[in-house]
Amino acid sequence: MKTRAAVHVEHGKPLAVEEVELGDPGPLEVLVKLYASGICHSQLHQIHNPATPTPTLLGHEATGVVMARGRQVSHVKEGDRVMVTWVPRDLTPETAGLSRNTKYTFRGGAQEARGVYTWSEHVLAHEQLVLPLDPEVPTDVTAIIGCATVTGVGAVIGSAKVQPGETVAVFGVGGVGINAIAGAKIAGAIKIIAVDLVDEKLRFAQEFGATDVVNGKQTDPVEAIRSLTGGGVDYAFDAIGMESVINQCLESVKPGVLGLRRGGTAVSVGIPQGDVTIKRGLFPGGERSLIGSLGGTSHPIEDFPQYVHWFKQGALPLDKMVTKVYDGLDRINDGVQALERGEISGRSIMVYDRP
Ligand SMILES: [Zn+2]
């Protein structure tokens, strides 16, 4: 079938919204008509990275409805509302290494989509990247579960396993950071310190459970966090992916006390664009830990229904996190530019259609 997609065709140029052709689903593939897609910051890195092959289809969080499925797909069926994500829902050691790429045709040439894409009106996706969506919830704001929520909430609950009574700092409160803050509140953290350079984003973070805010432009965040917590937090999350921030996270967690307890944990969530050097003295002194978190260490088959449940309860206010809605795929370049200029608090989405 023919559909329309935002295609990255040339570096430094806006995305081209053009026709692409999708085949019928293979045995393990699902054809989904998309309702809405989030606009995620990590895609900006892809757009700006000269090593990104062209053409490339982008976007990796969405909702939609199943139009057709391959003969080996049984967990969703035609007409089901679904979430689309880049995090495989339920791998086994046997299926973990298999390709989840799909094929499409663009300007007459056969192409391969690397993983999922959602800046398009339809997607042909591997069955691992499609999960059922409760028909009782709206299909617009739930589009951000597939990346922002799984990455942010997952980092706190799945990767760090924050416990009630612990203390947390989150550096960078965009779409992922806001979800990390909401996740820390759900986990029962008693102090949740949001760090950003934009006051507006910090004010916004307080709506999701930030107990304290630090503007890193005006105040040294490490000193501020240490003084707010009497020596450091249990967990500091880098939702940006910068060398300086990873170091600040390590410096912000409480040091261990030899013979008594280990130090706190810095969690690297945002993907750094280059090598990272850790300051001398942070290891092994203080017995701090640095862990990585990709897709929130999540198991979507269990975790996504939990996120939807928290949304329905009000604990995970996705509707408040989505602050900008673009009407249709043709607005994609406006959305990308606004995100680039730092104008988006929380997350922006495009709505293509509604049920
Ligand atoms: Zn993303």
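**Sheet, domains and helix packing**

Strands β1 (residues 2–8) and β2 (residues 16–22) pair in the antiparallel sense over six bridges; strands count as paired if DSSP finds at least two bridges between them. Helices (H or I, at least four residues) and strands (E, at least two) are DSSP runs, numbered from the N terminus. The model is a predicted one, in which local features need pLDDT of at least 70 and side-chain atom pairs count only at pLDDT 80 or more, while totals for chains, interfaces and linings use all residues. Residues are numbered from 1 along each chain as its sequence is written.

Within this pairing, V7 has A16 in β2 as its bridge partner.

Turning to the overall layout, the protein is divided into domain 1 (2–147 + 298–351) and domain 2 (161–292), with bounds that come from an automatic or database domain assignment. Taken over C-alpha atoms, the centres of the two domains are separated by 29 Å. In domain 1, 14 residues are in contact with 12 residues of domain 2, where contact requires C-beta atoms, placed from the backbone, to lie within 7 Å. On the side of domain 1 that touches domain 2, the elements giving two or more residues are α1 (42–48) and α8 (318–321).

Helix α2 (residues 148–159) packs with two other helices described here. With helix α7 (residues 300–313), α2 makes an angle of about 105°, and the axes are 12 Å apart. Axes are lines fitted to C-alpha atoms, for helices over the stretch in contact, and angles run from 0 to 180 degrees between N-to-C directions. That angle makes α2 roughly perpendicular to α7; angles under 35 degrees count as roughly parallel, over 145 as roughly antiparallel, 65 to 115 as roughly perpendicular and the rest as oblique. In this contact, T149, V150, V153, G154 and G158 of α2 meet P300, D303 and Y307 of α7.

With helix α3 (residues 175–187), the axis of α2 comes within 7 Å and crosses at roughly 40°, and the two helices are therefore oblique to each other. Residues of α2 that meet α3 include A148, T149 and V153, and among their counterparts in α3 are G175, V176 and A187.

Key
Two residues are in contact if their C-beta atoms, placed from the backbone, lie within 7 Å.
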